[in-house]
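This report walks through one protein chain, from its overall make-up to a few individual residues. The sequence and structure come next.

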Amino acid sequence: MTSEKQMSLDVSSSHRHEDGSVALPKIGSTPSPICQYKEGTFPPYEDEIVNELDFRQIEDTETSENLPVIDRPQFALLVMLYLIQGVPIGLAFGTIPFLLKGSNLSFSQVGVFSLASYPYSLKLLWSPIVDSLYFKNIGRRRSWIIPVQAVSGLMLLFLSTQVDALFLDLEANLYRLTIVFFILILLCATQDIAVDGWALTILSPPALSYASTAQTIGLNTGYFMSFTIFLAFNSPDFANKYFRKVPSDVGPITLSGYLYFFGWIFLSVTVFLWFKVPEQPAHLRHVSKKHDEEEAIEMYDLNAAPGTSMTSPFRDLEPSSTFESLVGVYKKMIRVLQLPNVKLFVVLHLISKIGFQVNDGATNLKLLEKGFTKEDLAIAVLIDFPFELVFGYYTARWSAGEEPLKPWRYGYIGRLIAAMLGQLLVWSFPSGGVTTPYFFAVISQHLLGSFMSTVQFVSICAFHTQIADPTIGGTYMTTLNTLANLGGQWPKIVVFTLIDKFTKAKCILPATVKEPTLSQLGNTCANAHTKELCQSVGGKCQIITDGYFATNVLCIAIGFLLYFGWIKRTANHLQSLPSTAWRVHQD
């Protein structure tokens, strides 16, 4: 029968930092790949003769700390699948908001585009469908990965022909751009669900812990290629300063060219999957068949009425069992959310990100508005990357104790401090341009925020692992992780709207401009249109009251009030509860 250790081995479907960057599993963070598990129905594979030498090789490496040689091709495949998934993520979560703000769009307009990232916080709603419905002759995971990647590649190719026209009038095309990227992220989220599940069946048991490493390498690489590297090489100033002998006003990499290139990469990988990669490696078919049968027995047990015999459940596995199991997964989600302690925990998740929401979502954009160049911000993020891996390793060791929410609470306070330092950075932006000390101050503030965010992420994963009911561990953890991510998404559009609401700006016109023009402008610089009008007549937008400061102070104040008034006490209470307090009882 399946052990609890086996049940914990899965790949996450919803690990993204609430600031919009990829919240990747940290190497060495847990014995399992990631703190999440998904369930569904499983295909009844035909009995096949297994190469005994391959199977013995798998068994002999169970205690090895190195990736087995036989799993390296599958590991490389997972890295590639996660990498191409990270490309649209890096664009939607990082690059496009920077380009929008650099085009004089308001914060509330950038907030509208943030809606494109919501599929990653809501994919719990359709992950059971991806796990359960498939074409048997194609394979459970390939049935989703191949068509989803093909559509993603075609969308990128199409978008490459339209994106320049969309950026000519961003204010008019904002909703169209948001819808296109919403669909792209929806496809990436669906591909993520399928790839996460595939990692369990194409890697041998001793190599399962490397699934998180593949995700870390792949998603981080794709994300930073589309965010850090793209922003740097999209900047003509960066190329003129470091690479070109003859200056140019166009960056080496354009957005349309980048989309076109990766559109073909998506299609090439999809064709390779279709013709060259089977659903399961030959040396693992026996292992996968046994794992599928054990999981199906557990699914049958969870959906059975009290007192029902468990004798030979596979005699009754008909096509209708797929629908029944699918319904069963959704019922289990509801059971989890009905637990009193889970309800309390859900509230904690939904309000615990408010305090640092402005810092996570708007500080970098505000620095860009002040004059900090895109390439300098890209370099600051790039420097942050290796520290992310180191932070993840040591935070995992720190979070392994009996009080996993203790470091989470420290991380909460640390992120509030990082938010205050972010406000200080924006307030003290040098009038003469970015100096070396100021640049290193920005990097230090980024590192502090990144470290504290990592502490919270790893700690909450450890706590989810501890409290999850092992009989429905996958559904339990998927539900909690999805709500944790949603808690970081919903306040974003609210705080962006508040920043614009609290901001007062005035168009300062030359003395030669007549008063009627001033009346037409409304004497404001509220959005991209009025800013362009102001500049078109020789005026200059001057901020009278910056709503960033007021909104950030408000969020930080709410964060401290929530922490000392409720969050600290509630976190201590939740981690002190016995495991039985988190169990879902059968009716």
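## Overall make-up

Among contacts in the protein chain with a separation of 6 or more, 84% join residues 24 or more positions apart. The model is a predicted one. Its protein chain has 587 residues, of which 56% are buried. The secondary structure consists of 22 helices and 2 strands.

## Nonpolar cores

In soluble globular proteins, nonpolar side chains tend to be buried together. Here the largest nonpolar core holds 96 residues, and the members that touch the most other members are Ile96, Leu100 and Phe181. Beyond its neighbours within four places in sequence, leucine 100 is in contact with Leu105, Val110 and Phe113, and also with Leu170, Leu174 and Leu177. Another core, of 25 residues, lies apart from the largest one; Val336, Leu416, Phe463 and Leu483 are among its residues.

## Helices H15 and H17

Two packed helices are described by the angle between their axes and the distance between the axes. For helix H15 (residues 357–370) and helix H17 (residues 405–427), the axes come within 10 Å and cross at roughly 15 degrees. Angles under 35 degrees count as roughly parallel, and H15 and H17 are therefore roughly parallel to each other. The crossing of H15 with H17 is left-handed.

Which residues meet between H15 and H17? On the H15 side they are Asn359, Asp360, Thr363, Lys366, Leu367 and Lys370. On the H17 side they are Arg415, Ala418, Ala419, Gly422, Leu425 and Val426. By type, the residues of this contact comprise 5 nonpolar, 3 polar and 4 charged.

## Threonine 551

Is threonine 551 buried or exposed? Its relative accessibility is 0%, so threonine 551 counts as buried; the cut-off for buried is under 20% relative accessible area. Threonine 551 belongs to helix H22 (residues 547–576). Setting aside residues up to four places away in sequence, threonine 551 touches Val358, Val495, Leu498, Ile499 and Phe502.

Most residues other than glycine have a negative phi. Asparagine 104 has a phi near 75 degrees, a positive value in a residue other than glycine. Asparagine 104 sits in the loop between helix H3 (72–102) and helix H4 (107–113). Its relative accessible area is 27%, so asparagine 104 is partly exposed.

Aspartate 500 is part of helix H19 (residues 473–502). With 22% relative accessibility, aspartate 500 counts as partly exposed. Aspartate 500 and phenylalanine 107 are 393 residues apart along the chain, while their C-alpha atoms are separated by 6.1 Å.

## Proline 510

Where does proline 510 lie? Proline 510 is in the loop between strand S1 (504–508) and helix H20 (515–521). Its relative accessibility is 29%, so proline 510 counts as partly exposed.

Proline 510 and glycine 539 are 29 residues apart in sequence, and their C-alpha atoms are 6.1 Å apart in space. Not counting residues up to four places away in sequence, proline 510 touches Gly539 as well as Val537 and Gly538.

Technical notes:
Residues numbered from 1 in each chain as written. Predicted model: local features only at pLDDT ≥ 70, side-chain atom pairs only at ≥ 80, totals over all residues. Heavy atoms only, no water. Axes fitted to C-alpha atoms, helices over the stretch in contact; angles between N-to-C directions. Helix = DSSP H or I, 4+ residues; strand = E, 2+ residues; numbered from the N terminus. Parallel < 35°, antiparallel > 145°, perpendicular 65-115°, else oblique. Left-handed = near helix turned anticlockwise from the far one by under 90°. Contact = heavy atoms within 4.5 Å. Nonpolar A, V, L, I, M, F, W, Y, C, P; charged D, E, K, R; others polar. Core = buried A, V, L, I, M, F, W, Y, C linked by side-chain atoms within 4.5 Å. Buried < 20%, exposed > 50% of the residue type's maximum accessible area, 1.4 Å probe, protein only.
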